[in-house]
Each structure stands twice: as C-alpha cells, then as structure tokens.
Amino acid sequence: MELHDVWFVLIAFLWIGYFFLEGFDFGIGVLTKLLARDRKERRVLINTIGPVWDGNEVWLLSAGGATFAAFPEWYATLFSGFYLPLLVILLCLIVRGVSFEYRHKRPEERWQTNWEHAIFWTSLIPAFLWGVAFGNIVRGVKIDQDLEYVGNVADLLNAYSILGGLVTLTLFTFHGAVFAALKTVGDIRVRARALATKLGVLTAVLALGFLIWTQVSRGDGSSLVAMIVAVAALVVAIATNMAGREGWSFAFSGVTIVAAVAMLFLTLFPNVMPSSLNDAWSLTVTNASSTPYTLKIMTWCAGIAAPLVMLYQGWTYWVFRKRIGTQHIADAH
C-alpha cells in the first residue's frame, strides 16, 4: 500500500471519529428543544457533553489539517467549491462554542434563552450540512480538466445530497438521544429512551434509502458489506434502546455511524472527489496527494501524536462517566 493510500485511510478514520463523537454532541444540541421541558433539563443535557464537546472537535481540525497536508489539491478544490456551506458550518461551530460558554454568565432569562436558541440551531444546521457536503463528494461535482470546481452553490442542492443531510441530522439526533439516556437519570432518561425509539425508526427509513442509492450508484462488494453492517447495527441499536440497554444501544448507534461513513469512503476510493463532467478529471489519491517525502514525515508525526491524543480523550470520558439528573442542578441557570 502506497503512502497516499495510507493517508486516505487515516483521513477516513479521522472523519469517522469526528462524526461518531461530534454526532451525539450535535444530537444533544438539537434535543435541547425536542426533549428538554425546562431550563433545568436543558442544563442537564448540556452538562452531559460539557466536559467533552470541545475535545470532540479536535477530530475535525485533525481531518482538515491532514487533508491540507496530504492532499492539497483535494483541500483546495473542496474548500473553493464548497466555500459557502463550509463557511456556514464554521460560523455555526464558533457560535455554538461561544453559546456553551456564555449561556450561564448572566441570570437574565432573555440572555439565556437567546443562547439556548443558538445552541439548537448551530447544532441542527451543521448536522444537516455535513450530510449534504459528503453526499456531493460521493455523488461527484463539476470539476474541469484543471482540477478546479466550476459549479455553483445551487449544484450542491440535489435530491441525493439533501437526503444525505436528512440522514446525518436524524442519525446524529438519534445518537444524541441514546447518549442522553445513557448519561442521565430520572424522568429525562425515560423520555430520552422513548424519543430515541421514534428517531431510530425515522433514521432507519431515511438511511436505508440513502445507503441503497449510494450502493447502486457507486458501490462494490466492500461497500455492500459496510452497508449491511450499518443497517444491522441500527436495527440492534433501536432494539437494545427499547430494552433499556442504553450502553449497548449507544455502542451500536456508534457502529452505525462508523459503518455508514466507511461505506462512503469505500465508494470513493481511489477517487477523493469524483468529477461529474468527466471521470478522467476526477481527483484521486494519486493526482491530489503531496510528495512522498511530505507523506513520510506526516506518518511519523501522526504515529507519535495520535495515540497520545486518543489516550487523553479516552481518559476524559472515563473521568466524566457518571450519570446526572435535575437533582444535581443547584439552580436553573
């Protein structure tokens, strides 16, 4: 396996890790409106991800940085062609981080309500737009013979990518509901589990249509295996949630995300960004990669740093593993 192939796999791994971890972050943000009945319950939900949400975003920074260094042509074409939706995502992530930190700084109801609205919308919008973006990457976009994107924003809004956005939105919200049931106690835990069942059924319908569409359009044997694993894991996640086994349900909802994202990357390879105008103009792991020397240095750096970061993040989750409930909230800030 060549180094550019290795880095394609590593970037896929980073995106899988990001969607697995940030997925329930986004889901919790959406649930602050769908599940929480009052400010105290919203604070409980926010506190379930309070110690970890910023660490989860490190995976996005790593994925973006690795793409820039390992596949500069891919990075340049992606960020020029998807400039507006990626800018919206970036702004949402900035406002979302500020919302978590500023919401409780003042006691006024209007102040806190406005920041809670911001948490909801800046969680929902990226959850949807990431699906739209990856849907277009898999489907193919207008790339010319100079490896430059020549389409416009309207070209990104098609049936396949919009369905992809709905899948990521519902899947992340389901993932978040299961996480909420896993991390809370009392009535909110019961309601989170009930809502997760409904969301799981909706997710299953949308995801099955999207994954079958993907498989028929660009899939092969390996992507078919990933699709079967994703669908089976989602069914098990719904069943274990209904049985009250939140830990198993969260694990299998995570497997669903892992397998679904892996399927998208399997359908891409050896392309990194297919051209819808001419297959010969597609960006591939070969024509979009950096020099072998650059990839070699990156491999050594990643081999040293990545395990340390993963160990630290795992330790963080272990330290903050206990459940919380409204009885643990001293006031309604």
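The structure holds 31 aromatic pairs, counted where ring centres of Phe, Tyr or Trp (its six-membered ring) lie within 6.5 Å. Planes under 30 degrees apart count as stacked, over 60 as edge-to-face and the rest as tilted. This is a predicted model, in which local features need pLDDT of at least 70 and side-chain atom pairs count only at pLDDT 80 or more, while totals for chains, interfaces and linings use all residues. Residues are numbered from 1 along each chain as its sequence is written, and side-chain values use heavy atoms, with hydrogens and water left out.

**Aromatic rings**

- Trp111 and Trp115 form an edge-to-face pair, because their ring centres are 5.7 Å apart and their planes stand at 70°.
- Both residues belong to helix α7 (residues 109-139), four residues apart, so about one helical turn separates them. Helices are DSSP runs of H or I with at least four residues, strands are runs of E with at least two, and both are numbered from the N terminus.
- Trp111 is partly exposed at 22% relative accessible area, whereas Trp115 is buried at 18%. Buried means under 20%, exposed over 50% and partly exposed in between (1.4 Å probe, protein chains only).
- One aromatic cluster is formed by residues including Phe8, Trp15, Trp130, Phe265 and Phe269.

**Charge over a ring**

- The charged end of Arg321 sits over the ring of Trp318, 3.8 Å from its centre (NZ of Lys or CZ of Arg within 6 Å of the ring centre and within 35 degrees of the ring normal).

**Backbone in loops**

- The Phe269 to Pro270 peptide bond is cis, with omega near 5°. Pro270 is in the loop between α11 (246-268) and β1 (271-273).
- Leu147, not a glycine, has a positive phi of about 65°. Leu147 lies in the loop between α7 and α8 (159-183) and is buried at 16% relative accessible area.
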